[in-house]
Amino acid sequence: MKSATKPVPHFALPPRHVAVATDLSKGSRDAEIAAIQIAKRFGAKLTFVSIDPTFIYHAELLASSGGLASPSFDPERQARYLARRADELRAHVLPLAEGFPFEVLCESGDPSLSLLAWLQSSDVPVADLLVLGRKKRGPLESFFLGSTATNVLEEARIPVVLVPENSLSPGVFSARDVVLATDLVTTDLRPSEAAAAFARAWEGGVTLVHAFEAQDYRPLPPEFLASEDLYHELTSLILNATKVKKEHLVRDAHALKARTGVPTEAKLLEGEAKETLLAYVKKANASLLVLGRFTRTGGLGAWFLGSTARTLAMHASCPVLIVPHD
């Protein structure tokens with residue numbers, strides 16, 4: 001039996017259609033502002049999406065309390081409720097949009113499942129970019145309706161911008177100083193193309209960053225290799241890992257600049273990847289952090305650099321753009 005394979009991601013760069021998921025809360029405010037400004041900058045279509053879980057949660061509550069096994073609701077009443085929600089959403093967005101055209105979509109259902117179903121309702125996703133808000137996390141709370149953002153980030157076939165609450169100051173989204181994290185291994189160009197597209201739109205530049213722990217590069221015992229010559233060759237290479245990585249990073253930065261015309265520089269950092277990258281983004285006052293994410297096949301998947309990208313997406317001080325690739 002062949003394993004199920006996700007379709008190859010299809011999305012336009014620069015984006016032609018920007019969607020933003022909102023629950024109209026304070027935590028979604030910066031995401032809404034960022035989406036409007038991104039759509040304006042790229043001249044893209046803009047859609048505000050609100051997935052209301054009220055009926056779903058009421059159904060679960062009734063079932064769990066020994067009530068109706070399969071509770072149902074009056075379709076007309078549900079339609080009127082969603083129409084009111086759509087009116088509320090339009091009224092909420094109008095002063096923010098400042099005359100920029102937008103559409104609204106209000107549905108009832110599980111937030112992450114319904115959002116993904118809408119985005120991926122055809123072979124070609126209906127939007128090229130999704131913007132989500134990331135609420136401040138406490139011991140009893142999580143961001144954007146619990147696990148919704150996590151599910152969407154892992155499953156979406158289009159780039160996702162995750163905007164931390166209160167990260168836009170003074171209410172302005174910018175991509176003048178873009179940091180692109182790289183593992184120096186992945187050859188897919190889509191993350192770098194996305195970073196360049198955003199930097200170009202804001203007349204900024206890209207810093208290509210790689211973080212590694214130098215102490216992890218130690219010589220292997222001779223008995224693990226086929227010959228003494230190979231041992232000495234590999235040992236020399238490992239001992240010069242910093243130099244080799246720096247050359248590789250600079251070469252990639254030059255290639256990105258030559259390909260896109262966007263000013264690009266290289267920055268090699270030593271230290272544990274998660275902590276080092278988070279500290280660098282904050283110290284450099286980066287406008288946008290860009291990460292790549294592997295698409296998933298056969299029910300198995302991986303984030304770029306394992307848990308590193310997940311940590312960066314959830315804790316970076318600036319908005320994070322996650323770009324799927326193969």
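**Strand pairing and helix packing**

Reply: 5 bridges join strand S1 (residues 17-21) to S2, and the two run parallel. Strands pair if DSSP finds at least two bridges between them. This is a predicted model, where local features need pLDDT of at least 70, side-chain atom pairs count only at pLDDT 80 or more, and totals for chains, interfaces and linings use all residues. Residues are numbered from 1 along each chain as its sequence is written, and side-chain values use heavy atoms, with hydrogens and water left out.

Me: What is the bridge partner of Ala21 in S2?
Reply: Val49.

Me: And how many residues of S2 are buried?
Reply: 7 of the 8 in S2 (residues 45-52). Buried means under 20% relative accessible area, with a 1.4 Å probe and protein chains only.

Me: Switching to helices. At what angle do H1 and H3 pack?
Reply: About 55°, with axes 10 Å apart, for H1 (residues 29-42) and H3 (residues 75-97). They are therefore oblique. Oblique is what remains after under 35 degrees (roughly parallel), over 145 (roughly antiparallel) and 65 to 115 (roughly perpendicular).

Me: Which residues meet there?
Reply: Arg29, Glu32, Ile33, Ile36 and Lys40 in H1 meet His92, Leu96 and Ala97 in H3. Contact means heavy atoms within 4.5 Å. By class, that is 4 nonpolar, 1 polar and 3 charged.

Me: How do H4 and H5 pack?
Reply: At about 30°, axes 8 Å apart, for H4 (residues 111-119) and H5 (residues 148-155). That makes H4 roughly parallel to H5.

Me: Which residues of H4 make the contact?
Reply: Pro111, Ser112, Leu115 and Leu116. On H5, Thr148, Asn151, Val152 and Glu155 take part.

Conventions
Axes are lines fitted to C-alpha atoms, for helices over the stretch in contact, and angles run from 0 to 180 degrees between N-to-C directions. Helices (H or I, at least four residues) and strands (E, at least two) are DSSP runs, numbered from the N terminus. Ala, Val, Leu, Ile, Met, Phe, Trp, Tyr, Cys and Pro count as nonpolar, Asp, Glu, Lys and Arg as charged, and the others, Gly among them, as polar. Buried means under 20% relative accessible area, exposed over 50%, partly exposed in between (1.4 Å probe, protein chains only).
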